Amino acid sequence: GKSKAGNLGDQGSGYVEIIPLGTRKPNIPEIAWKNKIDGWVLVAFTLTPEGRTKNVRILDSYPRGIFEEKTIKAVEDWLYDMRDVRVKGEIILTQRIELKWKDYPNNNLRLDL
């Protein structure tokens, strides 16, 4: 699924559509593959005016301690198209990421270096 931009402050009027250019899936940890564990991670991050992410943090996750590290690594690589965004300065987004153990063979390990 494509990522959906968060909202800024109040519902409705503060909503901004931000187009993701590159939002790679997190790599699946080996422990999830071996134990057939699916899960999700809810992250928040700051989007710079250039469309880069920074200050990626975990708001919630299930199960705890499995997917957070790989998710942060992935989100740090995300890139957004900011050309149509009229907001000045930085934007805080939240994103819920679903993780499936069956995706393990699709890992791009060099991206975790």
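Which side chains meet in a salt bridge at 3.1 Å, N to O? The side chains of Asp 77 and Arg 24 do, and point 2 returns to them.

The model is a predicted one, in which local features need pLDDT of at least 70 and side-chain atom pairs count only at pLDDT 80 or more, while totals for chains, interfaces and linings use all residues. Residues are numbered from 1 along each chain as its sequence is written, and side-chain values use heavy atoms, with hydrogens and water left out.

1. Overall architecture. The protein chain holds two helices and five strands, where helices (H or I, at least four residues) and strands (E, at least two) are DSSP runs numbered from the N terminus. Read from the N terminus on, the order of the elements is β-α-β-β-α-β-β. Of the 113 residues, 41% count as buried, a class that means under 20% relative accessible area, with exposed meaning over 50% and partly exposed lying in between (1.4 Å probe, protein chains only). Among contacts between residues at least 6 apart in sequence, 71% join residues at least 24 apart, contact being defined as heavy atoms within 4.5 Å.

2. The salt bridge between Asp 77 and Arg 24. The structure holds six salt bridges, each of them a side-chain nitrogen of Lys or Arg within 4 Å of a carboxyl oxygen of Asp or Glu. In the pair of Asp 77 and Arg 24, the N to O distance is 3.1 Å. This pair links distant parts of the chain, since Asp 77 belongs to the loop between α2 and β4 and Arg 24 to the loop between β1 (19-22) and α1, 53 residues apart. Asp 77 is partly exposed at a relative accessible area of 36%, whereas Arg 24 counts as buried at 17% relative accessibility.

3. Surroundings of Trp 78. Trp 78 lies in the loop between α2 and β4 (79-81) and counts as buried, with 4% relative accessibility. A polar atom of its side chain lies 2.9 Å from the backbone oxygen of Arg 24, and a polar atom of the Trp 78 side chain lies 3.5 Å from the backbone oxygen of Ala 74; a polar contact is a pair of N or O atoms within 3.5 Å, of which, within protein, one must be able to donate a hydrogen and the other to accept it, and residues adjacent in sequence count only if both atoms are side-chain atoms. Leaving aside neighbours within four places in sequence, the contacts of Trp 78 include Gly 22, Thr 23, Arg 24, Phe 45 and Ile 97. Trp 78 and Leu 21 are 57 residues apart in sequence, yet their C-alpha atoms are 7.7 Å apart in space.

4. Glu 68, a buried charge. Glu 68 lies in helix α2 (residues 68-75) and is buried yet has no salt bridge, the nearest side chain of opposite charge being that of Arg 64, 5.2 Å away; in this accounting Lys and Arg count as positive and Asp and Glu as negative, while His and the chain ends are not counted. Polar atoms of the Glu 68 side chain lie 2.8 Å from the backbone nitrogen of Gly 65 and 3.0 Å from the backbone nitrogen of Ile 66. Not counting residues up to four places away in sequence, Glu 68 touches Val 41, Ile 58, Ser 61 and Pro 63.

5. Aromatic pairs. There are four aromatic pairs in the structure, where rings of Phe, Tyr and Trp (its six-membered ring) pair if their centres lie within 6.5 Å, and planes under 30 degrees apart count as stacked, over 60 as edge-to-face and the rest as tilted. Trp 33 and Trp 101 form a tilted pair, at 5.7 Å centre to centre and with 55 degrees between the planes. Because Trp 33 lies in helix α1 (residues 30-35) and Trp 101 in the segment after β5 (91-99), the pair ties together parts that are 68 residues apart in sequence. Trp 33 is partly exposed at 33% relative accessible area, and Trp 101 is buried at 16%. Together with Tyr 104, Trp 33 and Trp 101 form one aromatic cluster.

6. Arg 96. Arg 96 lies over the face of Trp 40, at 4.2 Å from the ring centre, the criterion being NZ of Lys or CZ of Arg within 6 Å of the ring centre and within 35 degrees of the ring normal. Arg 96 also forms a salt bridge with Glu 98, with the closest N and O atoms 2.7 Å apart. Arg 96 counts as partly exposed at 44% relative accessibility, and Glu 98 is partly exposed at a relative accessible area of 33%.
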